[in-house]
Amino acid sequence: MMVAIAAGKIRGADNRMPSQRVTPDQPPTPLSDCIRDYVADKGMSIRTLALRSVSKSAGQSLTAQWITDVLSGRVSRMPDLWRLEALAAGLEMDPDSVKALAISQWIGWDIADVRTGPGERLIFRVPAGYTTEQCARLADELMQVINSAAEPEREER
């Protein structure tokens with residue numbers, strides 16, 4: 001089981017992207033960091049990412065300017081769901097994982113995103129002060145509760 005916590009990872013700026021504003025009071029920017037990491041790892045431009053970022057439900061595409069605004073900290077509120085869905089498509093990620101990163105970035109919660117099986121995940125808010133190890137233990141306990149709740153349902157069939 002893999003536990004990823006969307007929290008305050010600070011990363012160096014890439015030449016092709018706007019630099020991250022860094023101040024002592026700055027909240028974490030996990031979605032922006034994810035975008036930076038993805039385009040750096042793939043060696044792609046923001047424009048190419050925008051062209052790949054299309055919402056299936058809304059049929060709308062993201063613009064390179066909007067992605068640049070996210071990276072520069074100029075998007076002041078949580079993006080609309082269609083934008084997060086489009087970004088997930090462009091980043092080749094699960095839409096719920098992108099939503100979890102956005103919640104962490106704009107609402108300020110630490111979010112755990114746990115793969116529980118093929119196409120399955122458990123996403124929850126991490127209690128304040130929890131370490132990665134405590135978070136993994138909590139995820140294991142939650143999965144035991146979920147699995148035990150499903151047992152009677154299986155027996156009824």
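Helix H1 is mostly covered, with 10 of its 13 residues buried (buried means under 20% relative accessible area with a 1.4 Å probe, protein chains only). The model is predicted, so local features need pLDDT of at least 70, side-chain atom pairs count only at pLDDT 80 or more, and totals for chains, interfaces and linings use all residues. Residues are numbered from 1 along each chain as its sequence is written, and side-chain values use heavy atoms, leaving out hydrogens and water.

The protein has 6 helices and 3 strands. Helices are DSSP runs (H or I) of at least four residues, and strands (E) of at least two, numbered from the N terminus. Of the 157 residues, 37% count as buried.

H1 covers residues 30-42. Just after H1, Gly43 takes a positive phi of about 65°.

H1 packs against H5 (residues 95-107). The table gives the geometry.

| Feature of the H1 and H5 pair | Value |
|---|---|
| Angle between H1 and H5 | about 130° |
| Distance between axes of H1 and H5 | 7 Å |

Pro30, Leu31, Ser32 and Cys34 of H1 meet H5 residues including Val98, Leu101 and Trp106 (contact means heavy atoms within 4.5 Å).

Note on methods: Expected span 1.5 Å × (residues − 1). Buried < 20%, exposed > 50% of the residue type's maximum accessible area, 1.4 Å probe, protein only. Axes fitted to C-alpha atoms, helices over the stretch in contact; angles between N-to-C directions.
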